[in-house]
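Welcome to this short tour.

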Amino acid sequence: MNWRRTLESICLPVGAILAGLVLFGIFCSLVGANPFGVFGSIWKAAFGSWSTFQNTLIRAAPLMLSSLCTALPARLGLVIIGNEGALVVGGLAAVSMGLAIGTSLPPVGVQALMAIAGMVAGGIWIGAAGALRHYRAVNETISSLLLNYIAIALLNHLVGGPMRDPNSLNKPSTAPLDAVNMLTNMPGTRVHWGLLFGLIACVLAYFLIQRTTFGFAARTAGGNIRAARIAGLPVGKLTIIVCALAGACAGLAGMVEVAAVQGAANESLNVGYGYGGILVAFAARHNPLGAVLVSLLVGGILASGGILQRSHNLPDATVLVFEGLVFLVVLYSDSLYGKLPFFKEKPVDASPPAVTPKSPSPV
Amino acid sequence: MTITSPSLNVSTIAAPPELQIVNMTKRFGSLVALDNVSLNLKPGTFHALLGENGAGKSTLVKCVMGFYRADQGEILIDGNPRAIASPRDAHHYGIGMVYQHFTSVPAMTVAENLVLSRYDSSTLINWKQEMEQLNDFMNSAPFQVPLNLPIAQLAAGQKQKLEILKQLYLKSKILILDEPTSVLTPGEADEVLGLIKEQVNAGLLSVLLITHKFREVTSFTEEVTVLRKGKLAGHGSVKELAIADMAEMMMGERREIKEVAKTPYANPQPVLQFEGIQANKDNGVEAVSGVSLTVHSGEIVGIAGVSGNGQKELVEVLAGQRSPTSGTVRVNGEPYQATRAEMFKHKVFALPEEPLRNACVPHMSVAENMALRTFDRAPQAKGILLIWKAIRQTAQGLIQQFSVKTPSTETPVGNLSGGNVQRTVLARELSEDHINLLIAANPCFGLDFAAVEFIHSQIVEARNRGVAVLLVSEDLDELLALSDRIVVISSGQFVYESAIAEADFGAIGRSMAGH
Ligand SMILES: Nc1ncnc2c1ncn2[C@@H]1O[C@H](COP(=O)(O)OP(=O)(O)OP(=O)(O)O)[C@@H](O)[C@H]1O
Ligand SMILES: [Mg+2]
């Protein structure tokens with residue numbers, strides 16, 4: 001790849017985030033806070049020291065997993081926004097599995113089964129959107145969005161009724177997982193092993209798309225379905241498998257949230273990692289490795305919610321305004337690829353190398 | 001050609017302006033697509049623009065239309081330098097263009113599309129008044145298209161007529177036509193160009209025609225400009241130039257036309273057999289109503305027909321892009337559902353029409369597009385892993401062998417010129433050693449004459465090796481030259497079949513017309 005192109009794909013998202021910062025600064029001064037003070041606090045809370053950076057990492061882990069739920073189907077040309085729903089059903093399935101097994105297996109076995117349960121549930125959830133798309137031509141964006149509502153309603157129903165722990169008084173929850181079954185922190189940190197899951201999933205996803213025959217087939221079907229058919233590629237199968245894989249990643253995010261952070265399934269499951277994941281996927285232009293970096297950034301923004309409330313008297317939802325502004329600018333910046341003269345390849349006055357001067361002769 | 005058609009409209013009587021393109025240069029990244037090209041379109045002339053695939057013809061006219069911004073050069077209109085930054089500016093100076101593809105909105109009617117195309121459309125449309133004006137316009141136009149039909153119901157020929165009518169309706173005085181006849185049958189092409197020619201003769205229009213067909217150049221145009229690899233290669237009066245001269249300007253060398261002779265194939269076996277195939281169009285209306293045919297090894301079976309009579313859907317069924325509503329397909333005697341495994345086992349290949357739409361992924365690279373059939377087996381894959389080095393090497397070989405003009409193997413195939421996209425697909429589909437069955441649909445649309453000759457010889461050579469070829473084409477000359485047997489499709493049914501030696505030209509024409 002040409003270095004100007006590479007530079008373009010780094011500069012545009014970074015520039016977009018900077019532009020988002022400026023807009024957010026304007027917003028802060030409008031509500032009466034000193035924007036530079038706010039930026040300083042966000043920086044300190046997100047990346048200022050190892051101790052605060054760990055908060056960022058904790059939030060980045062589910063974002064990485066949830067972003068894959070949008071990024072993978074995007075390679076097939078599908079816009080899936082069912083991250084939140086897949087995350088919620090994944091969390092529910094993981095808790096149910098953990099509670100059902102209890103302590104009858106060693107903790108590692110329980111955790112593995114919980115992860116599988118979360119992935120299967122999330123996979124079925126988004127796989128259903130893929131199947132609807134393929135067999136009945138239902139728009140996948142709308143169906144996955146509606147599946148979010150269904151998942152959240154299901155969560156509220158279960159934790160408020162059939163699965164409710166009578167001891168959870170003001171915040172209805174399922175019964176807590178046994179403490180031994182919780183995901184532990186990585187040695188020497190406050191960051192749980194979910195971060196490793198996220199990193200591995202992103203690297204695997206990148207590898208799957210760029211380096212395997214499956215990824216090639218998926219990109220072909222995503223780029224032009226007619227060409228894929230003429231090459232005999234099984235378009236329907238690809239759609240459903242990719243959607244299911246995507247949902248499995250978000251489902252795993254749900255498992256990580258319950259097994260490492262919440263300890264039970266409750267309404268804290270849908271605190272925005274799902275929607276944050278959509279933002280991450282778009283800002284990373286659906287590149288799984290880019291999603292790792294963007295997740296750190298968005299994780300940092302989310303981690304700074306508390307401090308804005310404490311030291312600037314801003315509601316902690318202010319960071320969501322920030323997130324939204326960045327999202328808008330990032331989507332806009334997408335339209336600038338190939339438009340800025342600086343990033344265009346410089347002309348060289350030689351005829352291109354691959355051209356054979358001869359006219360075709362029968363071979 | 002002494003009869004002049006009725007004038008379009010009082011205001012179009014004014015003569016068209018003179019258009020001069022002076023020293024125009026356009027680069028795409030490192031590729032110089034146009035290098036100091038000049039062209040002079042005199043008022044009231046029919047001017048041809050010739051050149052090989054990728055010579056820069058479309059780029060030149062897109063610069064004139066304000067689609068691309070030229071890096072250097074000027075456009076003079078009636079001698080005055082003018083800046084054209086958008087098609088709207090071009091329209092302001094009376095310049096209109098008809099593209100290689102259709103631009104009408106399929107769900108809307110002809111009348112709606114015409115009104116929509118106007119740049120000055122007000123927010124409120126007085127339909128009664130508009131319809132009166134449209135009727136008047138249509139009555140005085142050189143050819144007619146029914147105003148109330150939705151575009152989706154028009155045949156390709158009618159759509160192309162509409163694109164030209166649109167420009168007349170916009171009162172364009174300089175008409176740029178970029179391969180307008182590639183979707184028309186030769187008969188339709190002659191009719192449309194003939195009627196435009198009358199307008200030119202009457203001094204109402206100037207036309208710049210991009211074409212690959214010398215027949216159109218000699219019978220309709222007066223002047224010709226030739227591009228070669230982005231440079232001006234020649235210019236002159238059509239009367240004073242022989243076809244061989246123009247071909248030499250295009251290619252930069254004199255070439256012997258080689259024809260590959262057909263040799264009889266010793267042991268013909270049935271390869272493709274289909275029976276009672278029925279299929280619907282996208283909108284659910286039946287397009288193919290029960291057709292049956294057997295194609296043997298070492299045989300080219302040509303399917304002739306006016307476009308829109310079901311041949312497109314039939315090809316889609318055989319190529320795996322559309323499910324038939326009934327009927328069976330067998331290849332080598334085995335049932336065939338066009339899965340990847342079956343395609344590989346029976347060595348079935350396809351050259352569909354409109355390759356960029358049907359057979360390529362525009363934003364993927366030339367190398368990736370060339371690997372579409374082979375990426376999942378050795379040496380391009382090892383287990384589930386792609387071996388990029390092998391994919392690239394194969395592509396480099398094919399680019400050489402098939403003379404694909406591309407800056408590199410990594411260029412998105414959508415950036416290539418129309419003809420080079422075609423060659424990319426051709427390279428992929430014809431490079432295999434053991435092709436068994438080849439399904440080709442209008443494989444030569446939009447190709448320059450050298451490439452047409454190349455494809456024809458490749459197809460005949462394949463047939464001589466024992467490949468069974470099903471060739472669907474709207475170009476009757478092509479079918480008569482290549483086929484061993486010819487079948488005519490009309491309203492979704494085969495209405496005529498004969499060996500080429502006994503084929504009756506008149507009967508073919510009549511059955512194509514549905515009589
Ligand atoms: N948008 C683009 N980006 C990069 N390269 C381009 C672009 N458009 C055209 N080119 C290149 O410019 C050259 C000229 O292309 P152009 O489309 O003008 O050819 P053409 O003469 O119209 O050929 P054809 O007969 O095949 O339509 C080609 O080599 C093509 O690959
Ligand atoms: Mg062209």
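**Stop 1: the ligand.** Select ligand 1: there are 17 residues around it, and the closest are B:Phe28, B:Ser58, B:Thr59, B:Ser417 and B:Gly419. A residue counts as near a molecule or strand when its C-beta atom, placed from the backbone, lies within 6 Å of it. Before you go on, note that this is a predicted model, in which local features need pLDDT of at least 70, side-chain atom pairs count only at pLDDT 80 or more, and totals for chains, interfaces and linings use all residues. Residues are numbered from 1 along each chain as its sequence is written, while chains are lettered from A and ligands numbered from 1 in the order in which they are written.

Now colour strand S2 (31-41), helix H1 (57-64) and helix H14 (418-430) of chain B, each of which gives the shell at least two residues. Helices (H or I, at least four residues) and strands (E, at least two) are DSSP runs numbered from the N terminus. Which element supplies the largest share of the shell? That is H1(B), with three residues.

By class, the shell holds five nonpolar, 10 polar and two charged residues. Here Ala, Val, Leu, Ile, Met, Phe, Trp, Tyr, Cys and Pro are nonpolar, Asp, Glu, Lys and Arg are charged, and the others, Gly among them, are polar.

**Stop 2: two domains.** Next, select domain 1 (15-109 + 171-251) and domain 2 (270-512) of chain B; these bounds come from an automatic or database domain assignment. Their C-alpha centres are 31 Å apart. The contact takes 16 residues from domain 1 of chain B and 17 residues from domain 2 of chain B, with two residues in contact if their C-beta atoms, placed from the backbone, lie within 7 Å. On the domain 1 side, helix H8 (residues 243-251) of chain B brings the largest share, three residues.

**Stop 3: a helix pair.** Move to chain A and select helix H5 (residues 107-136) and helix H10 (residues 235-262), whose axes come within 5 Å and cross at roughly 140 degrees. Axes are lines fitted to C-alpha atoms, for helices over the stretch in contact, and angles run from 0 to 180 degrees between N-to-C directions. The contact of H5(A) with H10(A) has 18 nonpolar, 12 polar and one charged residues.

**Stop 4: confidence.** Finally, colour by pLDDT, the predictor's confidence in each residue, from 0 to 100. Chain A has a mean of 88, and chain B a mean of 87. Select residues 347-363 of chain A, where pLDDT stays under 50.
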